[in-house]
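Hi,

Here is the structure we talked about. Please have a look at it, then read my notes below.

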Amino acid sequence: FNNQTCQCECPTVLSCNNTQYFDQDTCSCQCPFGAEQSCRTNQVLSNTTCQCECAPTLTCPGQQVLNKTSCQCECSNSANSCTPSQVFNNQTCQCNCITRQQCSAQQKFNNQTCQCECPTVLSCNNTQYFDQDTCSCQCPFGAEQSCRTNQVLSNTTCQCECAPTLTCPGQQVLNKTSCQCECSNSANSCTPSQVFNNQTCQCNCITRQQCSAQQ
């Protein structure tokens, strides 16, 4: 209270910036009355600059970032970053696959290409090809049809080989070319009075004489 003027006065009159005025009632610099009405959603009036600014408590969900001009949460990327097989998600700011394939046990789903892919592409030999479904080196389809009796297809060389379970009877041995059981000797080893037995690989007498007790 000023006893000279008989009025209430501010002890100090502040020098306000050009956007404010000095309020004699509060003894402080104030923004023009109603200035906050020009602020939009998510904006508050700054008591210092008398300008509308983004609310300091405003936070954006997920991968969105704050646009400090509009005070709106936006994605830094857009639908233009997506492939034709993807759709843009405005909440997560990510490109999501329109459809998701059911992958085999060996495959993994690639969220970028929206396809099932093998984690590793193997380098196969020149008789094989890389199968994208099984993620392994395979022999050409139908290659086993060229294998003969007693043969199986090798998954490594894609060549027909003798079945590993094949065994030969008696004195016969396995011919690894034909995969047939054969005798290592032949009828040429027999005398005229003998006949060759293909089962035992031995020369047997055509006839057997009755010998005396001394013979």
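Cys 114 is buried, at 8% relative accessibility. Keep in mind that this is a predicted model. Cys 114 is joined to Cys 97 by a disulfide, S to S 2.1 Å. The torsion about that S-S bond is about -95°, so the link is left-handed. Cys 97 sits in strand β8, and Cys 114 in the loop between β9 and β10, so the pair ties together parts 17 residues apart in sequence. Cys 97 is buried too, with a relative accessible area of 19%.

The count of disulfides comes to 18. Another one is Cys 60 with Cys 73, sulfur atoms 2.2 Å apart. This link is left-handed, with -85° about the S-S bond. Cys 60 is partly exposed at 22%. Cys 73 is partly exposed at 25%.

Which cysteine sulfur is closest to that of Cys 205? The one in Cys 203, but at 9.4 Å it is too far for a bond. Cys 205 is exposed, at 52%. For Cys 211, the closest cysteine sulfur is in Cys 205, 9.9 Å away and also too far for a bond.

Asp 131 lies in strand β11. Asp 131 is buried yet has no salt bridge. The nearest side chain of opposite charge, Lys 108, is 18 Å away. A polar atom of the Asp 131 side chain does lie 3.5 Å from the backbone nitrogen of Thr 134.

Gln 151, in strand β13, is buried at 14%. The Gln 151 side chain reaches the backbone nitrogen of Arg 148 at 2.8 Å.

Best wishes

Note on methods:
Residues are numbered from 1 along each chain as its sequence is written. This is a predicted model: local features need pLDDT of at least 70, side-chain atom pairs count only at pLDDT 80 or more; totals for chains, interfaces and linings use all residues. Side-chain values use heavy atoms; hydrogens and water are left out. Helices (H or I, at least four residues) and strands (E, at least two) are DSSP runs, numbered from the N terminus. Buried means under 20% relative accessible area, exposed over 50%, partly exposed in between (1.4 Å probe, protein chains only). A polar contact is a pair of N or O atoms within 3.5 Å; within protein, one must be able to donate a hydrogen and the other to accept it, and residues adjacent in sequence count only if both atoms are side-chain atoms. Lys and Arg count as positive and Asp and Glu as negative; His and the chain ends are not counted. A salt bridge is a side-chain nitrogen of Lys or Arg within 4 Å of a carboxyl oxygen of Asp or Glu. A disulfide is a pair of cysteine sulfur atoms within 2.5 Å.
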